[in-house]
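Please have the sequence and the model open while I talk.

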Amino acid sequence: MKRVIAVYDVDPFYADRFAKVANQKETVPFTVIAFTSIERLKRYMEENPVEILLVDVGARELVKDCPARQILTLSDGELIPVEKGQASIYKYQSAEGILREVMACYSAAPETEAAVSGVAAKIIGVYSPVNRCLKTSFCLALGQIMSRDHKVLYLNLEDCSALAKLMPESFKGNLSDALYYYRQGNYNWVKLATMVYTWGGLDYIAPARYPEDLASVTAETITGFLSCLAREGVYDAVIVDIGQFGRLAAEILDICQTVYMPVKEDVLSAAKIEIFEEYLDASGRKNLRCQIQKLKLPYHSNFSRREDYLEQLIWGELGDYVRRLLKGKINEQDAG
């Protein structure tokens, strides 16, 4: 059973709209309930536990004795003195922004525990030793199309990912932070949720802040983090866009249930594939070699503007290819 976030605002329409949007986010481990009066809120809390109470700044004195585990103030931008247990959150921002701030405050509270459980996610690895093979474009199209029917999270492990420039967000947390919390033993889903952003229906964690943040991370840390993330049961699938991890990539691919490898037909690209396959054989991973599904992706040349790139992926040749792949209609000649 999900824990409860109660919301009271002097504008009843605000609380109702926020609750409706928040409850559509299936990956948020809370049920959000809007209240139109203080009396109804207090009667509810007499019989039901409330983990977090979001209350309008004008009504915070009326709820200071309410037995919520944490009380957070909804501010209209006015500078508010912070009282114990009553941090302030700017109310006129996106519901996703509010939820991230709520999760950040909640995860910072003592004795916070993750309240998520379910079926483990399928880990889909996408890797290629070949450069400029549409690997990331394929991941984004795959994630966006899969997210229409499933809960999907996308992770990019490239040391210089273009994702941060393509997404219209100002990131407050990213993969560098998530891996730091994991290595420190402070990982839980509530804390991770403060770093999750959404493009269309696809959730993603912003890529690492600096290349050095990934250069110092071992394959063991990455696989442990991914396995822990999958076990949470929040998502149906986690798509991992594996960057230049070199031969360490094989250790990451080992934990993936599905592995896609975009390939190209030129001589140098074919030679790189052969070298990687020889390494898999030499390292005792022949079974992984058989698991890899090679893909000859259709190149797209009709995209011109950066701001339209992500949307056009879905409706161009690559999007059509991904739909056929998911329906099992890619034959061996198409796949490579």
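At what angle do helix H4 and helix H14 pack, and how far apart are their axes? Before I answer, please keep in mind that this is a predicted model, in which local features need pLDDT of at least 70 and side-chain atom pairs count only at pLDDT 80 or more, while totals for chains, interfaces and linings use all residues. Residues are numbered from 1 along each chain as its sequence is written, and side-chain values use heavy atoms, with hydrogens and water left out.

Helices (H or I, at least four residues) and strands (E, at least two) are DSSP runs, numbered from the N terminus. H4, residues 135-146, packs against H14, residues 317-326, at an angle of about 60°, and the axes are 9 Å apart; axes here are lines fitted to C-alpha atoms, for helices over the stretch in contact, and angles run from 0 to 180 degrees between N-to-C directions. That makes H4 oblique to H14, where angles under 35 degrees count as roughly parallel, over 145 as roughly antiparallel, 65 to 115 as roughly perpendicular and the rest as oblique.

On the H4 side, the contact (heavy atoms within 4.5 Å) involves Ser 137, Phe 138, Ala 141, Leu 142, Ile 145 and Met 146, which meet Leu 318, Gly 319, Val 322, Arg 323, Leu 325 and Leu 326 in H14. Among the buried residues of H14 are Leu 318, Tyr 321 and Arg 323, buried meaning under 20% relative accessible area, exposed over 50% and partly exposed in between, with a 1.4 Å probe and protein chains only. After H14 comes Gly 328, with a positive phi near 75°.

From H6, Leu 175, Ala 178, Leu 179, Tyr 182 and Arg 183 make the contact with Thr 221, Ile 222, Gly 224, Phe 225 and Cys 228 of H9.

Finally, the aromatic rings: those of Phe, Tyr and Trp (its six-membered ring) pair if their centres lie within 6.5 Å, and planes under 30 degrees apart count as stacked, over 60 as edge-to-face and the rest as tilted. The count comes to eleven aromatic pairs. One of them, Phe 171 with Tyr 197, is edge-to-face, at 4.9 Å centre to centre and 80° between the planes. Phe 171 lies in the loop between helix H5 (163-166) and helix H6 (175-183) and Tyr 197 in strand S8 (residues 196-199), so this pair ties together parts 26 residues apart in sequence. Phe 171 is partly exposed at 24% relative accessibility, whereas Tyr 197 is buried at 1%.
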